[in-house]
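The entries below follow the order in which I looked things up.

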Amino acid sequence: MNICVIGSGYVGLVTGACFAEFGVQVVCVDKDEKKIEGLEKGIMPIYEPGLDELVARNVKEGRLSFTTDTPEAVRNALVVFIAVPTPSRPDGGTDLSFVEAVAREVGQHMDGYKVIVTKSTVPVGTSVKVRKWIEESFGDNPSSPRFSTASNPEFLREGAAIGDFMRPDRVVLGTEDVEAEAILKDLYRPLYLNETPVVMTNVATAELTKYAANAFLATKISFINEVADLCEDVGADVQAIARGIGLDNRIGKKFLHAGPGFGGSCFPKDTRSLAHFAAEAGGSFEIVEAVIRVNDKRPERMIEKIVDVLDGDAQNKTVSVLGLSFKPETDDMRDAPSIDILQGMIERGAQVRAYDPQAMDEARKVLPGVMMCESSYEACEGGDVLVLMTEWNQFRMLDLGRVKELLSRPTIVDLRNVYKPDPMRKAGFTYISVGR
Ligand SMILES: NC(=O)c1ccc[n+]([C@@H]2O[C@H](COP(=O)([O-])OP(=O)(O)OC[C@H]3O[C@@H](n4cnc5c(N)ncnc54)[C@H](O)[C@@H]3O)[C@@H](O)[C@H]2O)c1
């Protein structure tokens, strides 16, 4: 089967490479010429573990190629995936302009039956709009062919994206069209053979399933963050509580890590979008609104922790920071909690020096006032406080003796609860963490 994936970012590139690995003939399209030129030379536009080998192998074996030529890619494909950004608008709604542009371009160049699959995260009703945009653009297309639409939301996690795509907990396929259903089932056949559960449903349900999943996970994070705040007020330990509740299978251990709040390219925008389209539908989504409010307050609370250990005054103090990306194993800085927290510290007069194993190029664009260092230890030099912002594995076993020597004050604010309070205090650090 020939498919094309329009948008070759975190989702599109992983989707394309993984389908190629399953034996499908894939063309990944992007309008960013530099990205496509790089990909043709084997240069990945993002950091995602294992992606470079997967891409190289499938390019070499002739199943995966890259282009900026959308019309050609569409003409040759039976299935067209849309995997372009769906950012937040200022009012919290979703900016569908990238999806619309792709749908219209697809409509202009379709020359036979195709299944148009929305993989971008989109509000309920978008697939109906995709159909309308395609049909409207038939004005420029003499063949006006028959086509089907479907929704196939993506649940992969950055940093573990390939494993998540190849061995997902489930696949959600939404379509009301039997022909599209048969084609998509065939495309996903390698996963059927793995006994991956496939939820076949209608388009609106598939679209909403993605938001419900992200909102639920975000709710767990805001919930445990509020438990952490309460722990700080009453002298309890949030990590023990997370274990105490997480061992209950009905609750589950994941997404119960107290910290600086959720960030990244999905949870912040998807929770806002869900609250927004729930309101547009005439209702409200009060839990999600509360989740967003709780999360919005996290940076200020984290800033207070840091300023407190600086005796209430950050002016001319040096803040050393380890980790900038919104989570480990990615270079993604979109809505990373580090942005608001470090900007807040700079506004309060601090100098910030930071190190991240992968995200410094991206971080330079959004945190121009931060001095980027070559290593964890260089970042520690002269720091009045060390802030552990993102729990990359390499920060779990720091040479604490060296850290202590390099800092001008042996003070650590551990926003990810990587270390244990007692040994850190015994090692001579002033040690502050979250909810303990
Ligand atoms: N990143 C994630 O972890 C993740 C997970 C699940 C779902 N999603 C959803 O998937 C969608 C894509 O997210 P992403 O993180 O991959 O975005 P991204 O920004 O990494 O990639 C999107 C790509 O689309 C390209 N593009 C934009 N308009 C185009 C056009 N008209 N023609 C061709 N290419 C075009 C951009 O140049 C970019 O390379 C979003 O809706 C997002 O919410 C993301």
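**Entry 1: domains**

Which domains does the domain assignment give for the protein chain? I found domain 1 (2-201) and domain 2 (215-432). These bounds come from an automatic or database domain assignment. I noted that this is a predicted model: local features need pLDDT of at least 70, side-chain atom pairs count only at pLDDT 80 or more, and totals for chains, interfaces and linings use all residues. Residues are numbered from 1 along each chain as its sequence is written.

I looked up the spacing next. The centres of domain 1 and domain 2, taken over C-alpha atoms, are 33 Å apart. Then I checked the contacts, where two residues count if their C-beta atoms, placed from the backbone, lie within 7 Å. On that basis 14 residues of domain 1 meet 15 residues of domain 2. On the domain 1 side, the residues touching domain 2 are six nonpolar, six polar and two charged. Here Ala, Val, Leu, Ile, Met, Phe, Trp, Tyr, Cys and Pro count as nonpolar, Asp, Glu, Lys and Arg as charged, and the others, Gly among them, as polar.

**Entry 2: the whole chain**

Helices (H or I, at least four residues) and strands (E, at least two) are DSSP runs, numbered from the N terminus. Along its principal axes the C-alpha trace spans about 75 × 50 × 40 Å.

I then checked burial. A residue is buried if 20 or more other C-beta atoms lie within 10 Å of its own, exposed if 12 or fewer, and partly exposed in between, with C-beta atoms placed from the backbone. Buried residues make up 47% of the 436 residues. I also looked at contacts between residues at least 6 apart in sequence, and 72% of them join residues at least 24 apart.

**Entry 3: around the ligand**

Which residues come nearest to the ligand? Of the 27 residues around the ligand, they are Gly7, Gly9, Val11, Ser120 and Thr121. A residue is near a molecule if its C-beta atom, placed from the backbone, lies within 6 Å of it. Helix H1 (10-21) and helix H5 (97-109) each give at least two residues to this shell. I listed the shell by type as twelve nonpolar, nine polar and six charged.

**Entry 4: helix H2**

I turned to helix H2 (residues 33-40), where Lys35, Ile36 and Leu39 are buried. They cover an arc of only 95° around the axis, which puts them on the same side of H2. The arc is that of the directions from the helix axis to the C-beta atoms. I recalled that an α-helix has 3.6 residues a turn, so residues three or four places apart point the same way. The face turned away from the buried side carries the exposed Glu33, Lys34, Glu37 and Glu40. Strand E3 (64-67) is part of what covers the buried residues of H2. After H2 comes Gly42, with a positive phi near 85°.

Most residues other than glycine have a negative phi. I noted Phe255, whose phi is near 60°. Phe255 sits in the loop between helix H11 (238-246) and helix H12 (267-280). It is partly exposed, with 16 other C-beta atoms within 10 Å.

Asp335 lies in the loop between strand E9 (318-322) and helix H14 (337-347). Is Asp335 buried or exposed? I marked Asp335 as buried, with 20 C-beta neighbours inside 10 Å.

I found Ala206 in helix H10 (residues 203-234). Ala206 is buried, with 22 other C-beta atoms within 10 Å. Leaving out residues up to four places away in sequence, Ala206 touches Ser151, Pro153, Val172, Leu173, Gly174 and Thr201.

Val199 is in strand E8 (residues 198-201). Val199 counts as exposed, with 12 C-beta neighbours inside 10 Å. With residues up to four places away left out, Val199 touches Arg170 and Val172.
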